[in-house]
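Q: I have a structure open here and would like to talk through its packing. Can we go through it piece by piece?

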Amino acid sequence: MYRLDIYRFLKSNEYEYKFVGKFGKKGETRGEREKPTPEQMEKQNQRNRENKVRRKMKANFGEGDYWTTLKYPRGTKKGLEGVKEDLKGFLRRMRGRYQRRGHPLKYIWRIEISKRGSPHIHILINRIPDADILIRECWQVGGVDITLAYEEGGFAKLAAYIVKLPEEGEVAKMAAHIAKPQEEGQDPDGAAKRYGCSKNLVMPEPEHHTYKRRTLERMVRDGIEPTPGFYIDPGSVWYGTNPYTGYTYLKYIEYKLPEVKKRNGNRNIPDDNPGAPPGGRVMVLHAGGHPPW
């Protein structure tokens with residue numbers, strides 16, 4: 001038996017098929033398995049973190065929201081706890097201003113160290129009227145850079161950047177300025193964890209469906225049919241065998257076709273729209289041990 005998990009978003013849907021039958025039961029034959037190395041396990045954990053943050057972004061943010069850098073004066077050397085205190089004050093002031101305007105504040109942040117050792121904060125913030133003015137008012141210790149968030153690829157690059165592991169030199173710089181190191185066992189994410197988000201973000205939960213093996217075999221043989229009004233990104237289609245479980249999986253993402261406006265003002269999604277991405281069935285071509293998402 002196979003389970004299908006569907007994550008639904010405003011502009012896309014993500015599909016994950018995987019084998020969930022009990023071992024020894026009739027169905028798929030398990031292939032050869034590998035024992036993952038610590039490096040492979042860390043890579044898998046990193047991929048899971050990226051997927052979690054990416055899906056949070058897709059469920060709570062969009063193009064037009066603000067990707068902001070909160071900066072310190074040149075030459076500033078400040079410990080992680082001090083930077084987090086500055087961030088806490090910034091978010092408190094922002095939250096109050098948003099509430100007075102009738103809007104919730106949503107954000108995902110990351111603290112980073114520059115090559116010169118100066119800290120700065122990247123933060124994705126939901127945009128409301130005058131949000132750029134509010135950001136500059138509320139960050140009272142340095143300059144601010146603001147750009148519009150870019151949603152291409154479902155925030156994949158931005159999510160990978162936020163949760164990326166620090167480089168060895170960066171860890172040393174940050175550790176040198178940590179005022180109160182955590183004792184072992186008190187900080188599961190490590191004393192230098194440097195990303196987080198607001199508690200009011202929606203965490204998308206998948207729909208669960210079950211299918212028999214021949215359903216997946218038919219999709220692999222005949223191609224994947226998109227939902228009406230959507231197209232499948234061929235680069236997102238991954239079919240292969242998980243080297244650690246020995247069982248097959250199929251993953252892909254479909255995106256909503258862009259709407260176009262007719263001359264009479266009505267909106268539709270034409271089948272012959274020359275500017276739209278290609279639709280129709282997509283053949284399963286990719287195979288490998290691990291997909292990139």
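Q: To start with H1, what do the buried residues of H1 pack against?
A: Bearing in mind that this is a predicted model, the buried residues of H1 pack against strands E1, E2, E4 (107–113), E5 (119–125) and E7 (195–197), and also against helix H4 (156–163).

Q: Which residues of H1 are buried?
A: The buried residues in H1 are Gln46, Arg47, Asn51, Val53, Arg54, Arg55, Lys56, Met57, Lys58 and Asn60.

Q: And how many residues does H1 have, and how far does it reach?
A: Helix H1 spans residues 38–60, which gives 23 residues, and from its first C-alpha to its last it reaches 33 Å, close to the 33 Å expected at 1.5 Å a residue.

Q: Moving to the strands, how do E1 and E2 pair?
A: E1 and E2 pair in the antiparallel sense over 7 bridges, and a hairpin of 3 residues joins E1 to E2. Within this pairing, Ile6 stands opposite Tyr15 of E2.

Q: What is the bridge partner of Tyr15 in E11?
A: That partner is Tyr252, and the pairing between E2 and E11 is again antiparallel, over 7 bridges.

Q: How much of E2 is buried, then?
A: E2 is mostly covered, with 7 of its 8 residues buried.

Q: Switching to H6, which of its residues are buried?
A: In helix H6, residues 213–222, the buried ones are Thr215, Leu216 and Met219. They lie on the same side of H6, because they cover an arc of only 95° around the axis.

Q: What about the other side, and what covers the buried one?
A: On the other side of H6, Arg214 and Arg221 are exposed, whereas the cover over the buried residues of H6 includes strands E1 (2–8), E2 (12–19), E8 (207–211) and E11 (248–256).

Q: Which residue follows H6?
A: H6 is followed by Gly223, which has a positive phi, near 100°.

Q: Let's turn to the aromatics: how many pairs are there in the whole structure?
A: A search of the whole structure finds 7 aromatic pairs. One of them is formed by Tyr17 and Tyr211, which are tilted, with 5.8 Å centre to centre and 55° between the planes.

Q: What does the pair of Tyr17 and Tyr211 tie together?
A: Tyr17 lies in strand E2 and Tyr211 in strand E8, so the pair ties together parts that are 194 residues apart in sequence.

Q: Are those two buried or exposed?
A: Tyr17 is buried, at 6% relative accessible area, while Tyr211 counts as partly exposed because its relative accessibility is 30%. Another aromatic pair, Trp67 with Tyr161, is edge-to-face, with 6.3 Å centre to centre and 80° between the planes.

Q: Where do Trp67 and Tyr161 lie?
A: Trp67 lies in strand E3 (residues 66–71) and Tyr161 in helix H4, so this pair ties together parts that are 94 residues apart in sequence. Trp67 counts as buried at 15% relative accessibility, whereas Tyr161 is partly exposed at 26%.

Q: Which charged end sits over the ring of Tyr161?
A: It is that of Arg110, 5.9 Å from the centre of the Tyr161 ring.

Q: Last one: which residues do ring pairs link into a cluster?
A: Ring pairs link Tyr72, Phe90 and Trp139 into a cluster.

Technical notes:
Residues are numbered from 1 along each chain as its sequence is written. This is a predicted model: local features need pLDDT of at least 70, side-chain atom pairs count only at pLDDT 80 or more; totals for chains, interfaces and linings use all residues. Side-chain values use heavy atoms; hydrogens and water are left out. Buried means under 20% relative accessible area, exposed over 50%, partly exposed in between (1.4 Å probe, protein chains only). Helices (H or I, at least four residues) and strands (E, at least two) are DSSP runs, numbered from the N terminus. The arc is that of the directions from the helix axis to the C-beta atoms. Contact means heavy atoms within 4.5 Å. The expected span of a helix is 1.5 Å times one less than its number of residues. Two strands pair if DSSP finds at least two bridges between them. Rings of Phe, Tyr and Trp (its six-membered ring) pair if their centres lie within 6.5 Å; planes under 30 degrees apart count as stacked, over 60 as edge-to-face and the rest as tilted. A charge sits over a ring if NZ of Lys or CZ of Arg is within 6 Å of the ring centre and within 35 degrees of the ring normal.
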